[in-house]
Each structure stands twice: as C-alpha cells, then as structure tokens.
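Come along and look things up with me.

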Amino acid sequence: MNDTILETSELKKSFGALVANDGISLSVEAGEVHAIIGPNGSGKSTFFNTITGFYKPDSGSVRFDGEEITGWRSDRIARRGLGRTFQIASPFEDLTVRENLLGVYTEGLGSGIRISKEKRKRADEILELLEIPHIADHEASDISGGQQQLLELGRILMLEPECILLDEPTAGVNPALQNRILKHLRTINEQGTTFVLIEHDMSVISNIADRVTVFDQGQIVTQGSFEEVTADHRVREAYLGQSDDPNAGVADVLSDVEEQSSSVADTSDPVDVPTGGGATAVQQNIKTPKSEGRLVGTDIVTGYGNHKVIKGISVESRDGITCIFGPNGSGKSTLLKSLAGVVPAWSGTLTYNGQDITANGPHENVRLGVAMLPQDGGIFGNLSVRENLLLGGFTVDDPDVMKERMETALDAFPALRDKMADDGKSLSGGQQMMLSFARAMMTGADVYLLDEPSAGLAPSLVDDAFEMATRLVDHGAQVILIEQNVREALRIADYVYILAQGELQFEGDPTTLTDEDDLVELYLGI
Amino acid sequence: MVSTSILAVSSHLSPGIVATAVGVPLQSGTTIVQLLVFALLLGGIYGLVALGLTMIFGVMDVINFAHGALMVLAMYIVWSLSSASGLTPLVFIPIAVVALFGVGILIHHFTIAPIMEAPQENQLIVTFGVMLILISSIEIAFSPNPRSYNIDLGSVGAAGVFIPEGQLYALVISITAVIGMWLFLQRTQLGRAIRGTADNRSGAKFVGINIKRIDYLTFGLGAALAGLAGAAIPLIQRFDPYIGDVYLINAFVIVVLGGLGSFPGALLGGMIIGFVQVFGQFYLPGSVYQVMIFMIFILVLLLRPEGLLGGKRT
C-alpha cells in the first residue's frame, strides 16, 4: 500500500496570464482512492489533463509506476496503464455498448484488424462487473447518463489500467445509480486499481476516499482524511470565500453585518424592507409579517438532456436580497436560469405576482418584470454603452419612459456617463459589470436574478458588485443573488437558501447560521 | 463612344463586366466617371449581398448557401412580371424585394427554424438543398437561356460626361439601400436588436428580445437584400439561372474580408471588391483583377485574420 504509483513534482501549467497549475507536487499511493476537491477554477481538470498528456506542462514532471511520463502522448500514457474518464461521458454514440468496449485500442495496430477472443471475454467480464449486460446491444446514445458514465469507466477498464483518473464520475447521475457506481469503484479498487477522482459531491468523497487533497487557485492547500480536510480553515476559506480576518467565523462576519446592513436599511424604507442581519434585525424579522414574494417557484424540477439537476425546489424572491448558496454543481445557476425562463422547468410552477409564468421564455419574463443578469454580464461588446442601455429598454415603447429610465440608471451608475460612446468590450471588468446592472435596470424589472456578479472580478471589486445589488434594492426591487463567496455575501443577505446536489438543504434568516460548522455541513451537503 | 462600349461590354455575362477595355487607354473624363459610377454601384450591390449573408451568419450562425439563388429568384420575378404586364421592370423591383422577404421567412420557417438547435453543418446542408431546389425550379420554368430586362435605356449626360441610364438606376438603388439599411440597423430599436442578437445571442434574451422572432426577421431581411441586389443586376448585365454563383462566391470573400458577422465590414468589403474589380478590369490585362482580389483577401487574412472590421464576438 505504500508504493507511490503516481507522482507529480512542481507541475506548472498556465494559459496566457492565468496560472492554472502553480507548482503541484502530489503523490498517489498504489491502491488508494485519492480525491481532489476544490472550488471552480482551482485547476483540478487542468491537473488531470496535464498528467495524461492532453496538455503539455510548462515545467515540472510526472512519474507513473517508476517511469517518467512527462510529455508523453495521451494514447501512450493510457496504454501504459494510466487511464482517465471525462466529466462529460462521450461514448461512440452510434456503436452499441459492447462495440464501445471492443473499440478500445488495446493491442496496438493488430486490435484494429481482428478482435481477439480474450478481448471479447474481457468485454463480457466488464459488462458483468458493471452489471450492464442487459444493455450490451443498445446503442450508446440510447442509454441513460448514468449508464454512459458506467460505460466510460468500462472503456477505460478495457485497458486494464493500474490507475484511473476519474473526472466527476457521478455528476448528474441519479442517487440510485450513483450508489452503484460507487459500489463498482470500490470493488475495482479492492482488486488493486488505484483511483484519483475529482468530485464536488462531498457525500461521495466521504463515502469512498482514503485521502483528500484540496486545490485552490492552482495550488495544493492541504491534504489529509476527509474529516481533517473539512475542518481546516483554509479549506473553508477556499469554498466559502476569503474573509478579512482569516480566523473570523461566520459569527464575527454577522456581527459586522449589523453596522453595514443598518446603513442599507437607512437608505431604503425601513418599514417595508426588513433588511436582515444583526440581533436587532432578527427581532424585527420576527415581528414583521413575511414579505410578499413577487417571483415564486414551487417544486421546480429541471435539468439538461436526461440529467436532472434540480430535484424539486421551492424558492421565492423576497424584499431585500435573497442569497442562494451551494457548492459547485449544486444547481444554483440552473435554478436561477429556470426562474428566469432560460431553462424550462420539467415540472413545478413559477408565478410572478400570482400570474403563472411557468411556460414563459426569458424575453416574456423581462416584459413582465423579471430580469436576469447572466454570469458574464451578457453585455453587447460591439455596441456602444448607450446602445447597450437602449437595448436594455427594448421592451419600452414610450420614449419618455425610456429617457426617464436612462437617467435613473445613469444616476445609479454615474461612471457610465463618460463612456456612453465607447464599445462595451472596451470597458474594464468592473465597468462592464456596472453596464450589465444599468442595462438590467433599463428593463424596469422589480425582480432581479443575479448570477454570481462577482465572478471573474478582481477581489477589490467584489464589494462593489454587492453594493450594486443593494442599489437595485434601494430602487424597490427584490433581488435573488447566487454567490460563491458565502462569507462576503452573508453581509448583505436578508434571506438565505442553501443548495447541495440539486436539493434544498436550508432556508431561513442568515442570522440563524451563526455556527460555521453547521454552515460548512449544509454547504458541503454532508 | 466609350459609354456605349462599356454598356455593351457590361451587358455581357459576369464576371467580365467591364473587361476587354484594355488596350483602349482612353482616359477621358467620361471614362473615369463611368468607372467610378460602375465601381460604386457594383460595390453597393456586393455590399448588399454580403450584408444579407453576414447578418444571417451573425445572428443565427447559419451560412446561407441559398443566398445567390435568392438573388436569381428576384431577377426572374421582376422579369416575368415585367414581360407579362409590359410595364418597366423598375416598378417591379420593390415588389420583388417584398416577395423575397416573404420567401426568406418561409424558407426559415420550414427548413432552418426546426433545426436551429442542431449542429451548424445541418443548416448549411439544408441551405445548400434550398439553393439546388430554387435554381432547378427556375431552370425548369424559364430555361437556362440568358435573358435581359425588357427595357430600353439610353445614357444620361452632363458636361460631356455620359452615364448609361441602367447603371445610374442601379447605382441609386444600391446606394439608397445601403444607406437605408445602415440607418435601420444603427438608429432603430429593431435594428439594434438585430445587432445585439448577432453580438451576444444569449445576452439578448435577458433584455427581452425574442431571438426566435429576430431570426425570422433577419432571414427575411437577408433574403430581401439579396433580392434587391439581384433585381438591380439585370439593369447592367444579362442574366441566367446560374449568375448567382459568382455573386455568392464574391460575397463569401467580402464577408470574410470585412470580418465575419460585421455589418459595416460587409459594406466596406463590398466597396473594396467593387472598386478593385472595376478598375482592375479596365487597367489590368485579362483576369489579373481576380488575382488582385484574392491577393488582398490573403493579405488581410495574414495581417488581420479577424477581417478588416471584425472584432471578437461577445
């Protein structure tokens, strides 16, 4: 158990200015299940791609089974015994499941001409092992997403690899099939195959991983057992966002909130808007009747293709800022898109001021008063700032209303006044975000859905993004905000939903989230 | 007279619109003005064809191979209405434009809209099929023989400079359409919505633009622009069912030259190719002007692969 089978040293890979892997030294012991976790963009998939020869590392080396494999072609690495699967299973769709297995190029050129008896036997064994012989003769395009993941695993097993890198093997798979995949992984592991897996689902990690390595911003943060790692404050920071004081828990953050949110409450109407946070706010909240939700989603189920992402969630907009938190892949963005009408709900209902809008597209919802800011801002790069704003008012027919809104939007974001003739793409990241907010205000919506407005911005601008969200509230809007940076967002949250694995883990006043351990548990969906 | 010689030559088939003038280095004022007029009108026609093509590509990500066939359809609509009624073809040009708008909407509705979500090559193949159907139908209905509008046009002259009337009409039509289209795209909310959708299709949804409707409008307008350019071409040359090919190929060159999906790029590219072709045909021997066109094309691709006015689409 103590032999190192896979070892990287100081592995570096950057794309332009972005350093995706910043000197990663990791060793994997033969026979273990080694999980790699970390927030989006922390470099996990790049790490896999660099090890397996899909990318060429800028520097550093990879050793596998006692041999230096740095810079090898990916097919050679695979035949050497280091297999991998991809996050999105991509079988040969027109071939049957069995043909997919037999199509694996096991024995060099010869295998392209004649399929040996041993190979057929191996394929049958794998079908048995993965318990999918009943679909052996189905075309790969006809089987479910979870079965495709199994097939993906099966194809790699054809190569009889000593070590397999799995990129989110259970993403988008229903729980029953997920358990089966895990069971198979364990069986194969007991037969001696080493696994390294990237996974967002913490229940999977705690279930199967012997050791966990945490990535953040291209570096290894820490390593250890699942329990050790989740208790580490650096890990929490990586997931929940930086706080000014790295030792500050949520309780500290929330006491900060008191001052900040009371200033927000001053500018808005303190009677109508029970702005959250702080002890006084809690007392207020208890007395204030629950605010009227304009946008209400009930039992929303949705997803993409045959992947169910949201498994029956009820959310509604409230006065102030409603935050939706959750780890990567928990379905936050999908939920928001479904509320906006971009991703149609499979079942459940969506109402706006009592009117059923379940079947509406996004353009119809904008007309009613529900506007979404997509994660990248969605601005028109080749159109001027003025034209961006004018198009924001696409649903406005009255020129006077248009003029008035333009003034309101520019008053809220005065920095845009000097940029009216500039192309959207010439603006800085922060200005583009402003434009995106101002353009959304032009729609005249009173419910805004914000998809991680702080994503991709310099840390110094994150506060600005939150401040802009509060400006929308000042103008009487209800805001639903998705955010990765939980600690920062808690400062402005009036109501919180926490999602994990497409299900609601928590909803309520943020002040009830005083214990960070609870938050971590909810957040990671343990 | 040079004016008639150019008219005679230009009533030949494309692409040698003003060819064979080499060896007659007559550079009177009339010649220069005629070349200028011809370059402007050809540039305008190219620009219109390319604008329609690039709009459809920019908004819908569809490469419309039927674009040349739509031009030809407009020619035959004008020709048959004019022949049947005995009226001047000029009055039927607007009718052809409106008809082509409708044809564009129908083509989009029945062939492209149902497969908008499919991979790009599907739409490309479908438009190729539409082209074959259109051209073959025209061939069956009207025979492959060359035709020309039943219109007798003289020259307009002032201060010793004579311009063939057909060219003048074509010039007025194409330049008016270019300016009108430009104003529509820049100044109206609907035009902006088309540009916005071309720029950021998913972003457009979030400001309340119904992008499916924009698709219909764009394909209709693209077809109408092809129709307008097509209907104007017989004013300067004879036509047959296959004349669209040359214009389509040139339009592809122009679209890439100006920048894929760039509307001003299409108009600028059209003008450049129009000028190079007309002046090249006059001053350079044989088909050297075509070498020039492709030299410019290659040079632009080398130095500015995104095209003259092309930028990264958001």
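**Entry 1: where the chains meet.** I began with the contact between the two chains, which takes 17 residues from chain B and 23 residues from chain A. Two residues are in contact here if their C-beta atoms, placed from the backbone, lie within 7 Å. On the side of chain B that touches chain A, helix H7 (189–199) and helix H8 (201–205) of chain B each supply at least two residues. H7(B) gives the largest share of that side, six residues. I sorted this side of chain B by class and found four nonpolar, nine polar and four charged residues. For the classes, Ala, Val, Leu, Ile, Met, Phe, Trp, Tyr, Cys and Pro count as nonpolar, Asp, Glu, Lys and Arg as charged, and the others, Gly among them, as polar. Helices (H or I, at least four residues) and strands (E, at least two) are DSSP runs, numbered from the N terminus.

**Entry 2: ground rules.** I noted that this is a predicted model, where local features need pLDDT of at least 70, side-chain atom pairs count only at pLDDT 80 or more, and totals for chains, interfaces and linings use all residues. Residues are numbered from 1 along each chain as its sequence is written, while chains are lettered from A and ligands numbered from 1 in the order in which they are written.

**Entry 3: confidence.** I looked up pLDDT, the predictor's confidence in each residue, from 0 to 100. Chain B has a mean pLDDT of 85, and 89% of its residues reach 70 or more. Over residues 1–25 of chain B, pLDDT stays under 50. Where pLDDT is low, the predicted coordinates should not be read in detail. For the complex, the predictor gives an ipTM of 0.81 and a pTM of 0.71.

**Entry 4: the cores.** Which residues touch the most other members of the largest nonpolar core? I found A:Tyr448, A:Ala469, B:Val49, B:Leu73 and B:Leu100, in a core of 176 residues. Helix H2 (residues 29–60) of chain B provides the largest share of this core, 17 residues. A nonpolar core is a set of buried Ala, Val, Leu, Ile, Met, Phe, Trp, Tyr and Cys residues joined through C-beta atoms within 7 Å. Not counting residues up to four places away in sequence, A:Tyr448 touches A:Ala371, A:Leu373, A:Ala440, A:Leu472, A:Ala477 and A:Val479.

**Entry 5: buried or exposed?** A residue is buried if 20 or more other C-beta atoms lie within 10 Å of its own, exposed if 12 or fewer, and partly exposed in between, with C-beta atoms placed from the backbone. I checked A:Gln178 in helix H6 (residues 175–190) of chain A. A:Gln178 counts as buried because it has 21 C-beta neighbours inside 10 Å.

**Entry 6: a sheet.** Last, I traced an open sheet of four strands in chain A, with the order E12-E11-E14-E15 and antiparallel pairing. Strand E12 (307–316) and strand E15 (355–356) of chain A stand at the edges, each with a single partner strand, so one side of each has no neighbour in the sheet. Two strands pair if DSSP finds at least two bridges between them. Two bridges join strand E14 (residues 347–352) of chain A to E15(A), and A:Thr351 stands opposite A:Asp356 in E15(A).
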